[in-house]
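User: Please go through this model with me as a set of questions, giving the criteria behind each term as it comes up.

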Amino acid sequence: MNIDKQSKSDDLEKLKQNLHQGSLLTDEVSRELYSSDLFVKGELCVAVAVPASESEVSKVVSTATALGLHVIPRGAGLTYVEGYTPKSEKSLVIDLSKMNNILEINKEDMYIRVEAGVTWKQIYEALHPHGLRLPFLGTFSGARATVGGGLSNGALFFGSARYGTSAEIVLNIDAVLANGDILRTGQRSVLNSRSPAYRTFGPDLTGLFVHDSGSLGIKTSATLKIIKVPQYFGYASFGFKSVENAIAAISEIGRSDLVEEAYVMDPNKTKESLSASDFKSDLSTFSKVIKQERNPLKGMKAGFNLAINGKRFVDEGIHSLHMVCSARSEAALEHDLQGCRDIAHSFDGIALPDSIPRAARASLFPPLDAIVGPKGERWVALNAKVAHSQALNLYNRAEAILANYSKDFECNHVEVTRLLMILSNFSFSYEPVFNWKDTWLPMHHTSPAIKRNKIPEPEPNEEARQLVEKVRQELINLFHEIGAASNQIGKTYPYITALHSEPASLIKAIKKSLDPDNLMNPGVLGL
């Protein structure tokens, strides 16, 4: 037998011995799936470990690094920034999907402990019967997106305008280091602690492992803050003929701390959102909208308004702003809604039916069909975070780049939509999304919509793909030039090279201390 093959077989057997309840996948189909994200294919990994416990993660990681393998953690796999795509065939991907247990719900101390493979939807469903929830509820893809992946890559959306991202609600992280050691952060790191309810006892070790793309260790569990579910919810939508006014309005609403989420869709994004559902899902959403309201008659009115106006209200060229408010009393809710109305009207906003935000909250964490578009399109997004005062400059400069390629987009049938968001009361997010028909990667084939809607795979479209790559890189260069941040970094956005020398040296020193041989997801963050 070939020595290399024999050596590989021996290595795989050593890894397999550490997975008593877990499994080791070595078939080519699995390896291809786990080596690619929604935009690129990485090098084909040697195997995929699926551990079932923290002790198995510890043993398999220490074995893998002793063998000189790169160790790469993967959540639901829904990213597009090369956060887990291998740089070398000598890579072991760690899939934490079997570690999906909710470990503790502490209603007295207001926290929940979960394993890294738990989804945001699981948490929502576990807390809801207790009248509890996370402050930041999860991502739109929360039916599959996991806590471990979200903490590694900056999960955000539902609740982010008031409560920020997953980074703001995590109290503790347990992680396996390159040598197999298990590190506890937050109050769980304290010898005599009985509760993980406080995060910053001394330097914030938890923060080191947030947004690290798995470069410092593999998250096995986390403790998250919980709150009581607000009793009253309200929704509002407005249209703006001027994107400048839409940006000014959403930023002022963010500064005023009036909403749980607020986002602006360009005309194309609005139409896309309104046309994405079918009759069956419309009826399901209609029913959920009615159940949302405390007053049954008000619920029926909201449901019929959604059914009648939901897909007909956006005029050509209108940028639509959508908001969700919550409060502990009806009077407080009305106060916040009126504040939103006053701000929107001050920037010439036109009141629209609240179909989009109402439907989004009525059907939290829907089945994840959006891996491909309704006609089988692929998509890839970018994002940049800046202060409110820099929002318009970021938007205008990015749009100038996109305008330079408008004819190329038209020739290659590439459509660009935009989503603008606010995070807490201090940050503005710009997200362009590129859509085009092209052959699928392994991750696209996992979309349940493909079989249900019998969507055929498009033909390869190399020209469109190269165009998207080119424009995407120009935008990334712009984001770097103006000092914008990103929540998903991976290998796509510059990080180490974007820092001053002092923080860059500190991060490198921490990486060297925890991972001296650079085997934990090498390449991400520029490490």
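User: Which helices each supply at least two residues of the lining of the second largest pocket?
Analyst: This is a predicted model, in which local features need pLDDT of at least 70 and side-chain atom pairs count only at pLDDT 80 or more, while totals for chains, interfaces and linings use all residues. Residues are numbered from 1 along each chain as its sequence is written, and side-chain values use heavy atoms, with hydrogens and water left out. A pocket is, on a 1 Å grid over the protein atoms alone, an open set of points where a 1.4 Å probe fits, with protein on both sides within 12 Å along at least five of seven lines, and lining residues have an atom within 4 Å of a point. With helices taken as DSSP runs of H or I of at least four residues and strands as runs of E of at least two, numbered from the N terminus, the helices that each supply at least two lining residues are α7 (166–169) and α18 (462–481).

User: What is the volume of the second largest pocket, and which residues are the closest to its centre?
Analyst: Grid points are joined across faces, edges and corners, and the volume is the space filled by probe spheres set on the points, which for the second largest pocket comes to about 550 Å³. Of the 26 residues that line this pocket, the closest to its centre are Lys385, Ala484, Ala485, Ser486 and Asn487.

User: With which residues is Ser427 in contact, leaving aside its neighbours within four places in sequence?
Analyst: Ser427 is found in strand β19 (residues 427–436), and Ser427 is buried (under 20% relative accessible area, against over 50% for exposed and partly exposed in between, with a 1.4 Å probe and protein chains only), because its relative accessible area is 10%. Counting heavy atoms within 4.5 Å as contact, the residues in contact with Ser427 are Lys385, Val386, His388, Met421 and Ile422.

User: Is Ile250 buried or exposed?
Analyst: Ile250 has its place in helix α9 (residues 243–255), and the residues in contact with Ile250, leaving aside neighbours within four places in sequence, include Met421 and Ile422. Its relative accessible area is 0%, so Ile250 is buried.

User: How far apart are the end C-alpha atoms of helix α3?
Analyst: The expected span of a helix is 1.5 Å times one less than its number of residues. The 13 residues of α3 (residues 54–66) should therefore span 18 Å, and this agrees with the separation of its end C-alpha atoms, which is 18 Å.
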